[in-house]
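Welcome! Take a look at the sequence and the 3D view below, and then we will walk through a few parts of it together.

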Amino acid sequence: MECGFVPVFGAGSLQSSGVSQRGSAASVKPLRLVNHASALLCRCRCGFVASKSCQCSCHGGGAGKSVLRMSASASDDTETMLKQVEALEKALQDQTAKLERLEKIKDVEYMNRMSLLAQDDHKVVDGKKDPRVQELLKMNKGWRDSVLAKDPTFFEQLNKGQTPEILWIGCADSRVPANQILNLMPGEVFVTRNIANVVVHTDINCLSVMEYAVKYLKVKRIVVCGHYACGGVKASMSDMKFGAIDNWLRHIRDVRRTHAQELGAIADENQRFRRLCELNVMEQVQNVVATTIVQNAWDEGSDLTVHAWIYDVADGLVKDLGIAVSNPSEVSNLYRVPESA
């Protein structure tokens, strides 16, 4: 009776550990694993897998006899499996070669970019040869030395973390640096700045800063500080096109529209300009308190106050605009969201 041939490939194979002359299933001992590079096994009529030296009765029996019967179909199966293995190996080799080619292409592209930077119109400037860079680095060292002269452990303590009391939302204008205006050292004020100190409910950057400051740094005050002579506010008062920034200035033009009657009553252009700078700050405070970030903090019992300030570049003084919102009852009902969905 023909056996069903079962090929086994690998580092080990199965071998019969001995059977009785009767060849019954009950008398066949369990197979054990032997270490061969490859072995060809067949399944006997008795239901056990046997090796070339199988001695069960369905293979003719008898001690010392070695019988291996392989059907033609089993041989074809073996060849098919071998071809499949070869195909997989070739596919793996092709994929490896493809990855190597891609790596070479990336290397070439990188070198091409670097060569472009080295051309006359894309010079890579060595900071050591730039006198201005060296001057700035020297100024940094001078500042560091002056700080250490007053407090030798200042930077060591600063490195341990920050606990600012204030979040400053200000204008990106280079004339309005928060720390210097408030005479505060690094670590004492958390800052975010943009053109004309605008707070927009879709500005993920500003909202992320606010959430980090309120939820994790536990700041006590949020200061929206604008300034007179603000270029962004001035641009919003004109009918000129400036480019992409016009989309940002739309927010300030909305402030103009909201307060058109008051602004229209101011005859002096400079005074009208200054008043719009103030009104813009006040509107941004309303935008801050309308956020779920601030309202959630109040609902959780946080001690948080939002202030409206304006800085005068002409004399260096900060003016309090008289707005300080510290609880949700002062938020317009239109923007109050006391309950979760």
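What covers the buried residues of helix 7? The cover includes helix 6 (231–236) and helix 9 (269–289). Keep in mind that this is a predicted model, where local features need pLDDT of at least 70 and side-chain atom pairs count only at pLDDT 80 or more, while totals for chains, interfaces and linings use all residues. Residues are numbered from 1 along each chain as its sequence is written, and side-chain values use heavy atoms, leaving out hydrogens and water.

## Helix 7

Helices (H or I, at least four residues) and strands (E, at least two) are DSSP runs, numbered from the N terminus. Helix 7 covers residues 245–258, and its buried residues are Asp-246, Leu-249, Ile-252 and Val-255. Buried means under 20% relative accessible area, exposed means over 50%, and partly exposed lies in between (1.4 Å probe, protein chains only).

How does the length work out? The expected span of a helix is 1.5 Å times one less than its number of residues. The 14 residues of helix 7 should therefore span 20 Å, and the end C-alpha atoms are 21 Å apart, which agrees. Helix 7 also has a kink of about 35°, centred on His-251. The bend at a residue is the angle between axes fitted to the seven residues ending there and the seven starting there.

His-259 sits in the loop between helix 7 and helix 8 (260–264). Its relative accessible area is 18%, so His-259 is buried.

Which residues does His-259 touch, not counting those up to four places away in sequence? They are Leu-279 and Glu-283, where contact means heavy atoms within 4.5 Å. The side chains of His-259 and Glu-283 are also joined by a polar contact of 2.9 Å. A polar contact is a pair of N or O atoms within 3.5 Å; within protein, one must be able to donate a hydrogen and the other to accept it, and residues adjacent in sequence count only if both atoms are side-chain atoms.

## Strand 6 and its partners

Now for some strands. In strand 6 (residues 166–171), 6 of its 6 residues are buried. Strand 6 runs parallel to strand 7 (residues 189–194), joined by 6 bridges, and parallel to strand 8 (residues 221–227), joined by 5 bridges. Two strands pair if DSSP finds at least two bridges between them. Ile-169 stands opposite Thr-192 in strand 7 and opposite Val-224 in strand 8.

## Asp-312

Asp-312 belongs to strand 9 (residues 305–312). With 12% relative accessibility, Asp-312 counts as buried. Its side chain reaches the backbone nitrogen of Ala-314 at 2.9 Å.
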